[in-house]
Amino acid sequence: MKKIFIQLCVSMFVILALIPASVFAQGVTTSSVSGTITDSKSEGLIGATVIAVHVPSGTRYGTASNGAGRYTLPAVRVGGPYEITVVYTGYKSESQTGIFATLGTTSVVNFTMTEEGVSLGGVDITAQTNSLISAERTGAGSNIKREQFERLPTIGRSFTDFSALTPQAGANFSFGGRSNLYNNFSIDGATSNNVFGLSPLPGGQSNAQPISVDAIEEINVSLSPYDVSQGSFTGAGVNAVTRSGTNRVEGSAYYFYRDQSLVNKKVGAQESPITSFDNQNFGVRVGGPIIKNKLFYFINVERETRNDPAVLFPADGSSATGSAYQQTSSELNRLRDFLLNPDKGWTYDPGSFENFDAQTSSWKYLARLDYSINDQNKISVRYNQLNSFRDVPPSSSGGFASAPPGGRSNSNNALPFSSIWYRINNNLSNVIAELNTTAKSGRFSNNFQVGYSAFRDFRQSVGGADSPNFPTVDILGPNGQTLTSFGAEPFTPNNRLDQDVIQINDKFDFFLGNHRLTLGTANEFYSFYNVFTPLINGSYQFASINDFINNVAPPTGTNPTAPTQYAVQYSAVKGQPAPAADWGAAQLGFYAQDQYTGIKNLSITLGLRADVPLFNDDNVLGNAVSDTMQFRDINGNAETIRVGELPKTTVLYSPRLGFNWDVNGKKTTQVRGGTGIFTGRIPFVWVSNQVSNNGVFFGTYQPTGADLSGIRFTNDITRNPGLPTSLPDFNGQPLANEFILNSTANNFRFPQVWRSSLGVDRKLPGGFTATLEGMFTQDLNAIYIRDANLAAPVSTVNGDGRSLYGASSNLTATTGNRRINRRVIQALVLDNISEGYAYSFTAQIQKTTGPIQGMFAYTYTDSRDINNQSGSTAGSLYTGNAVVGNPNLPNLSFANNLIPHRFTGFVSWRQEWLRQVATTLSFIYTGNVGANFSYVMGGSVNSDGINNNDLIYVPKSQNEIILVPTDARDTRTPQQIWEQYNAYIEQDKYLSGRRGKFAERNGAYQPWVHLLNMRLLADVIPFSVKDKKYGIQFSWEVQNFLNLMNSDWGVVKVANRSNIINFVGYETAHTATAPASGRPVYTFPTGSDGQPLATSYINSPGLGSRYQMQFGVRIFF
Amino acid sequence: MKNTAKILFFALLALASMSSCTRDTEYPDPAPANEASSLRFKMLFCNAGVASPNLNMLLNNEVVGSNLEAYSYLPYVSFPAGIAQIRAKAASGTIGGTLGSNDLLFRAGATNNNNFTAPSGRNYTAFVTDTLQRPKPTTIGATDPGGLRFFVVEDNLATPAAGKAHVRFYHLAPGAPAVWVGLKDSTTAIFNDRRYRATSQGTAPNVVNFNVFVPVNAGIYDFDVHTTSATGPVVLSVPNVTLEEGKIYTIYAKGKPGLAEPNGLGAAIIQHN
């Protein structure tokens, strides 16, 4: 591994010497202090005793200097101030004070000892006060300290507002333009991101934070740590460390509030009131000693609640233009009375159709103990718990059956009863213990971590009751749109996800002269239990309330009225009424590393890590029918799929090399960087989809024709029509006629990237530090997904050139069928591809000391991939990608989270007035190009069965496109439509540059967004006792402060319509026996106001375009 | 300082080299058409609206026929294939009746707003049917505006065999009951149980599609239109209908019983070729 890697643009540089990576434990949790002890002749002193004391807690750390006079305290508590004392027989003791330890960085404190009896004037103090210029920094990243949490605006009280201050950060917790599902988030070293991946962070589905910002001491974001003990990400590692108690009991109680009256009612010049809501966040934190200098505690409890109205379109209401809503109280009451009437043999309370509060709520608890056993041994244990839920309206999807027309959500046509709302619960409990041991001789140290996390996600009915044991019923109204729905929400019964994660890590360091050798292991064990049973209660649609009543209780002498649709899915696995994906996995990691500091001013790290992913498929069921089918891989070769087998184990190696060079030895300029391979994990939901979508879990029944006419509604779901009276013993035979398969490729590997970075930091006068940094990432194993059951194209689209797929996708067609195997609707295979790259360049200046502190940075990024890799299921990874022709191999194009230009910065100014009053004014600014998007067409011109994912061809002239009126009401001729479309292309910066070419996935950008957030704190300290201050702090923060100054500023502009044209057919019919030979026909609809679509962007009416204010009060004790 | 200068120089060099690394994406070259398409379909307009004013016919908002009187028809127009909006406007003034000043539009699909799908190479006959005063349905949000309506059928213009003519029949007389059409004094009907605006009869696999032309020997015919059955009462006699060899015809019942001529119950004929 001594090869020198040369990459593309970075090849300008020859990497001269090795650079030490910051050598911290998996999931950075501590800081470190090191240095050299020399005598007046600069000879290293061996065996000097070094004691560091964390002054607020009295915690003592001790070690001794080694053969080179070097000492290291590898795991000290973050914060300070520290007082470090060196004692050596025959020499005067030396001390240095006021040293602060930063998470994931080493403070270098050197001592020069003078012999007893000799006096020297002026001792060199080379204490490290600037953590940015530190021998341990090699890769790109940032640190956010507690002061910044307390002072900077964060209206949602989310730590992601601070991790976004990293210059390479993007939207939605993404970094470097990569997918946000590839980060590793740890709290005190415990893996705390949602490894299953339904949301990037736990609590995401209920809009809750996993941890309160009041509990966090510091956050470290690393994009390229060359330290091999850090792993499990290809995006960024975000490590948070919680606060610990000190020798003084201190704490704070706080309350924050905001509601719709504190939000701008205008967007730009347009009045646009938002619905009422109220959001409260309150809590308390306290920390202190149990035994002074030895045992400390810290506790934080926080609650957040939010209420939003559930009904925005009430019964009997009408729109601003006077058109009445379809829902009337007389009709809904009539239905409700019928359901409650016992005469028909049963009753059911569907809930209310009046307004109620949709609640969002979270409780967060955190408790931590730190025990300083002695100078050599420290142990800490931390427990964290989140209980959160959110009330959600019913999904408008029909699952495998047809969706209710117009959707189920409350609108001008629909008002569902409250029983069909559901409550999503995200609960998390997490405990981690860490033991740090340093040998008295200073020759070795050990870090041991063991942790357990339990995630429990499940659903209930709104209000916390169980989901009703009642079918889903959708009833249409006179408009032909759904009028109301009641019963169980179709995707809620049995819906459950349990994840258990056990972590065991150990890192052992030898300090031998100028070498620091590390051996370690980092292991995670996962078990998943996921139940998802759509439509298991049965789902009915009726054309009217009368039809429903006349089906349940037909008047004497009449036949029961038939429903318009009935569908049910049932478990095909005998003995399991709700079959579960029950499986496990593990990721073992082993690493070895050497950090060499023998060359003056240079620190080099070289290490190798091996990651071993393991899958447990003992309980995974197989599909005997699809096992024998032939599918097709990306090269057209035959492929078999075994849904019962999870991927084989492949050992993934990550060698890494890092360096740090203090250019002139004075810690004023440093060059740092390195190169190496990083291995991450995928969201395990993509693998869990294979365990659930195997074709053998479920059977379905969806009658048509005469069978449907005979369906009678029953309230007893165990007697639903279509359920089999008995099931055969499970034998791998699918009961459903057609089914979907998910699978992973035989030699599937976890994502790996090759990343290199180079950075220069320079200390400037006035306490400023400037940084230039470049980072390059090449995908070695990127994830992408393909449908192995998609038959080859049958033709090409005339007048366009892209592939044209068959016209049918069903059980019966023998020609022109897109399915290779007719029983399989789709066979999605998760696979690897070695295409994709990203690079970024950052220029940054910061000031971290003094009353005015701040940072400003500019980052340029480019990031390309084959698949956006940001869907929460394997299926949406496939359908969510905009392509030209072949959905199985999209072109390399821009990543979803790419922000090419980003300015970010903050400034914070704290001023004391008189002794008892202080104010802090701070701003966070981000200015960046808006989000990217793809110009696609509605419908599907390549007939691949996926709508709205085909990139458009941008015509040069009218001959190249056939345009027709949108519908029967359109009064434009094709000539007029072309003139409008051509004018739109001409004024659109992106499309006018793509004439004659296809639009690119994510090639178009929304306009620049400038977001300035402000916070004003006023501290009043009415009294203090024994230098402990009791105080009150008032907080006023404004998100989008520019919009507060002027309603036209800070307005976010979004794409007017990215589905710019609609595909409506071909000139000749596209049939199974005869592929279309004619050209495609498109429409270019007018805007929603009936006017021609003339501009590319419109103002977004959401919260992003408005100022929001939040008030808070905090008591310190 | 020398070292610092070197560092900064290399850093700027890296910056420059990195930004020049921007690569274009490699999407395939499209293969667009370079001239307007030549694929066409044909449509014959017939105004069978009871007491309808003269109508101008538009396809995709372009006038393709003007001043079409009630109970007459225009020869086939050729039009670009694909999707076509079919619209009729009054030649002067407004259409009147329930439609008032609105245009008559062909409507299809679940929301009754879709245009007409017309693949290349096909032939169609588009009738204007119904009375001006046909009421608009009263359900809330109904999309049928009432008044005149389009009725479009496909035509197979294959040449009849030697000595034969092709003929078919449509019932387009609102208010009249189902009819049986046969030769005068015949006990069987050529066209059985034809209901108003019906396009077919029976369920699979025994479906009779009314747009299919029936071959008959060329000649001059007297037709009787019965109600109730093939031998039921004759409500209309249509004498002296010439069916020439090799020609294709559509006969349709028009008008409303009880109205004065020419809007009373009657019949009219279209010659397609």
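1. Two residues are in contact when they have heavy atoms within 4.5 Å of each other. With that in hand, let us walk through this model together. It is a predicted model, in which local features need pLDDT of at least 70 and side-chain atom pairs count only at pLDDT 80 or more, while totals for chains, interfaces and linings use all residues. Residues are numbered from 1 along each chain as its sequence is written, chains are lettered from A and ligands numbered from 1 in the order in which they are written, and side-chain values use heavy atoms, with hydrogens and water left out.

2. Start with A:Q376, in the loop between β19 (357–372) and β20 (377–392) of chain A; strands here are DSSP runs of E with at least two residues, and helices are runs of H or I with at least four, numbered from the N terminus. Not counting residues up to four places away in sequence, A:Q376 touches A:G62, A:T63, A:N436, A:T437, A:T438, A:A439 and A:K440. A polar atom of the A:Q376 side chain lies 3.0 Å from the backbone oxygen of A:G62.

3. Is A:Q376 buried or exposed? A:Q376 counts as buried because its relative accessibility is 14%, and buried means under 20% relative accessible area (1.4 Å probe, protein chains only), with exposed over 50% and partly exposed in between.

4. Next, look at A:S539, found in strand β27 (residues 539–542) of chain A. A:S539 is buried too, at a relative accessible area of 7%. Leaving aside neighbours within four places in sequence, A:S539 is in contact with A:T472, A:D474, A:Q565, A:Y566 and A:A567. A:S539 and A:N720 are 181 residues apart in sequence, yet 9.7 Å apart in space, C-alpha to C-alpha.

5. Chain A also has an open sheet of 5 strands with mixed pairing, in the order β49-β48-β55-β56-β50; two strands pair if DSSP finds at least two bridges between them. Its edge strands, β49 (950–951) and β50 (962–963), each pair on one side only. β50(A) runs parallel to its partner, strand β56 (residues 1080–1083) of chain A, over 2 bridges, and A:I962 has A:V1081 as its bridge partner in β56(A).

6. Finally, how many residues does each chain bring to the contact between chains A and B? Chain B brings 49 residues and chain A brings 62 residues. Together the chains bury about 4,400 Å², 63% of it on carbon and sulfur atoms; buried area is the accessible area (1.4 Å probe) that two parts lose on being put together, summed over both. On the side of chain B that touches chain A, α1 (2–19) and β6 (82–84) each supply at least two residues.

Notes: A polar contact is a pair of N or O atoms within 3.5 Å; within protein, one must be able to donate a hydrogen and the other to accept it, and residues adjacent in sequence count only if both atoms are side-chain atoms.
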